[in-house]
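Here are some exercises to work through with the model open beside you. Try each task yourself, then compare your steps with the solution.

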Amino acid sequence: PTAEAGSATLRCRSAITVSSAIACVALAYMWQIASHPVTRSLPAARFSAAVGALTAATFTWRTWVAITGQLPSINASNPAPSPAHTSSLLLGALFLAAASISFFSMAHEMRRRETENSARRDGLTGVLTRAAFFESAEALFRQTLRRPVAIAMVDLDHFKNVNDRHGHAAGDHALAHMAKLIASTMRSSDFIGRYGGEEFVVLLHDCDADTARRFGERLVDLANRTRVRMPGNQTLHCTLSVGLACLSTNGAEPAETLDALVARADRALYRAKAQGRNCAALAGMAG
């Protein structure tokens, strides 16, 4: 009897240790899948989180049963495990299989998304390509009928002189620097694309005329106060010209298309250049 009691105690301790460990792993797995902004958007996320939650609940119950001494014994007089015991073990095996399959599925999906996202990014500056910007902007433009939107066209002043005097490598550094500068000035709801050459386009979401003007002035001032760091510990001073156009929808259909809004911002940019560059100009409201 003493040996049998010792064996039962050891079995209970083992069951408590193993079951609680599996429950913790399943719970952590479920939380990671459900809370991570990338993994929770993947196709297999819901199934994986559900299996993890069920496994955590089952092995938490099994841990409690072992702690309270209600775990059925398996011996010569009772050789067959209970249905609950068998079900929990099968669920543990299912969790391991589902976790493995889901892991490889999500890893594949994340690689696919990274490849797709990389193709949408400009190789030099890291911002959206022109095509990707307009694709995203059109989708947002159609969804913001109750919010004003603005477009900012940003041009690096005298970029040809930078290339001619300092070389194309310096020009590349200047473009990359200015892209980071613009991105640091934007809000998380805004996004930026490379329009072409030394010109960038920014969509400012939920942005009225006063907010757009302040954005342009802040960007011009920031560019004027910073220096582009070049190889060899050298610096380069570059300025920006900004053209802005704002569209207020007031819950109705937009008065103009996205292309027309960009065209107005582009005309405002040329006005900023005509005013001597290193400044921001705001277009009048569409009629």
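**Exercise 1.** Is K273 buried or exposed, and with which residue does K273 form a salt bridge?

*Solution.* 
Step 1. Start with accessibility: K273 has a relative accessible area of 19% and is therefore buried, where buried means under 20% relative accessible area, exposed over 50% and partly exposed in between, using a 1.4 Å probe and protein chains only.
Step 2. Look for the partner. K273 forms a salt bridge with D155, with 3.5 Å between the closest N and O atoms; a salt bridge is a side-chain nitrogen of Lys or Arg within 4 Å of a carboxyl oxygen of Asp or Glu.
Step 3. Helices (H or I, at least four residues) and strands (E, at least two) are DSSP runs, numbered from the N terminus.
Step 4. Check D155 as well: D155 is buried, with a relative accessible area of 5%.

Before going on, please keep in mind that this is a predicted model, in which local features need pLDDT of at least 70 and side-chain atom pairs count only at pLDDT 80 or more, while totals for chains, interfaces and linings use all residues. Residues are numbered from 1 along each chain as its sequence is written, and side-chain values use heavy atoms, with hydrogens and water left out.

**Exercise 2.** How many salt bridges does the structure hold, and what does the pair of E135 and R120 tie together?

*Solution.* 
Step 1. The count is seven salt bridges.
Step 2. One of them joins E135 to R120, whose closest N and O atoms are 3.4 Å apart.
Step 3. E135 sits in helix 4 (residues 130–143) and R120 in the loop between helix 3 (83–119) and helix 4, so the pair ties together parts that are 15 residues apart in sequence.
Step 4. For another example, take D190 and R187, which form a salt bridge with closest N and O atoms 2.9 Å apart. Here D190 is buried, at 6% relative accessible area, and R187 is partly exposed, at 35%.

**Exercise 3.** Which residues line the largest pocket, and which helix gives the most to the lining?

*Solution.* 
Step 1. Recall the idea behind the search. Rolling a probe the size of a water molecule over the atoms shows where empty space is left.
Step 2. The lining consists of D157, H158, N161, V162, R165, H166, L236, H237, C238 and T239.
Step 3. Helix 5 (residues 159–166) gives the most, with four residues.
Step 4. Sort the lining by type: three residues are nonpolar, five polar and two charged. In this scheme Ala, Val, Leu, Ile, Met, Phe, Trp, Tyr, Cys and Pro count as nonpolar, Asp, Glu, Lys and Arg as charged, and the others, Gly among them, as polar.
Step 5. Take a closer look at C238, which is buried at 4% relative accessibility.

**Exercise 4.** How many disulfides does a search of the whole structure find?

*Solution.* 
Step 1. Apply the rule, a pair of cysteine sulfur atoms within 2.5 Å.
Step 2. The search finds zero disulfides.
Step 3. Cysteines to inspect include C279, which is buried with a relative accessible area of 18%.

**Exercise 5.** Which residues have a positive phi although they are not glycine?

*Solution.* 
Step 1. Begin with the background: most residues other than glycine have a negative phi.
Step 2. D206 has a positive phi of about 50 degrees. D206 lies in the loop between strand 3 (199–205) and helix 7 (209–225) and is partly exposed, at 33% relative accessibility.
Step 3. N278 has a positive phi of about 55 degrees. N278 lies in the loop between helix 8 and strand 7 (280–282) and is partly exposed, with a relative accessible area of 30%.
Step 4. While in the loop between strand 3 and helix 7, find D208 too.

Definitions and conventions: On a 1 Å grid over the protein atoms alone, a cavity is a set of points where a 1.4 Å probe fits but cannot get out, and a pocket is an open set with protein on both sides within 12 Å along at least five of seven lines; lining residues have an atom within 4 Å of a point.
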